[in-house]
Amino acid sequence: MPETVVAVTAAAPAINWAQLQFLLNLSNFALTVIVALFAWWTRRGRETAERFTAVETRTSAHLTAVEQTLKTRIDAIDKDLRVRIDAVESAGVARGDGHRTRLDALLERVARVEERISALPTAAALASVEGDVHAVRESVEGVETQMRGMLGQLQLINQHLLARKE
C-alpha cells in the first residue's frame, strides 16, 4: 500500500526586529559589565597577592634578623656567664651566692627568650603561606585567560551580528 505524505506548512511568525535588537544590545551590555567586573576583581586579587608577597618577604627578612640577633646575644650572655662563673669559682669569693642569684636570673631570662623564639613562625610555615598565595595567583591567572578567550568569541559574534544587520 503506498504511503501518502501530507505536507503541512505553517505560517512563520512575524519577527519583531526592534525587540530582537534591544535584547541583543541588552545582552551585549550585560556581558560587557560582567567582563569589566571580572577584570577588576582579578586585578584586585593580583595586587593583593603582590602585597602579601611583599609583606612575607619583609617579615621573613625581619624574623631572620631577629633570630640571628637573639642567638648572638644568647651566645654572648652564655659566654659571659661562664667566664664570670669560672672567675668566681676560681677566686673563691664569698660573694658567690650573689653571683649565683644573678646567674639564675640571667638563665631565667635566657629561657624566656628561647621560649619567645620558639613561638615565632618558622621558615616552613612562611613558605607554606607563600605556596598558598602562589596557587591562588595561578588560579586567578587561569580564569583570566579563559575570560580573554570568551571576550574574543563574543566580539566575533557581535561583529557577525552587526554585519548581518547591514
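A salt bridge here is a side-chain nitrogen of Lys or Arg within 4 Å of a carboxyl oxygen of Asp or Glu. With that in hand, let's walk through the structure. It is a predicted model, in which local features need pLDDT of at least 70 and side-chain atom pairs count only at pLDDT 80 or more, while totals for chains, interfaces and linings use all residues. Residues are numbered from 1 along each chain as its sequence is written, and side-chain values rest on heavy atoms, with hydrogens and water left out.

Helices are DSSP runs of H or I with at least four residues, numbered from the N terminus. Buried stands for under 20% relative accessible area, exposed for over 50%, and partly exposed for what lies in between, using a 1.4 Å probe and protein chains only.

Glutamate 144 meets arginine 148 in a salt bridge, at 2.7 Å from N to O. These two are separated by about one helical turn because they sit four residues apart in helix 3. In general, an α-helix has 3.6 residues a turn, so residues three or four places apart point the same way. Arginine 148, at 54% relative accessibility, counts as exposed.

Glutamate 144 also forms a salt bridge with arginine 46, at 2.9 Å from N to O. This pair links distant parts of the chain, with glutamate 144 in helix 3 and arginine 46 in helix 1, 98 residues apart. Arginine 46 is partly exposed, at 27% relative accessibility. Put together, Arg46, Glu144 and Arg148 form a network of salt bridges.

The whole structure holds six salt bridges. Another of interest joins aspartate 80 to arginine 84, whose closest N and O atoms are 3.2 Å apart. Both lie in helix 1, and being four residues apart they are separated by about one helical turn. Aspartate 80 is partly exposed at 33% relative accessible area, and arginine 84 is partly exposed at 40%.

Finally, turn to tryptophan 40, which is in helix 1 (residues 17–91). With 42% relative accessibility, tryptophan 40 counts as partly exposed.
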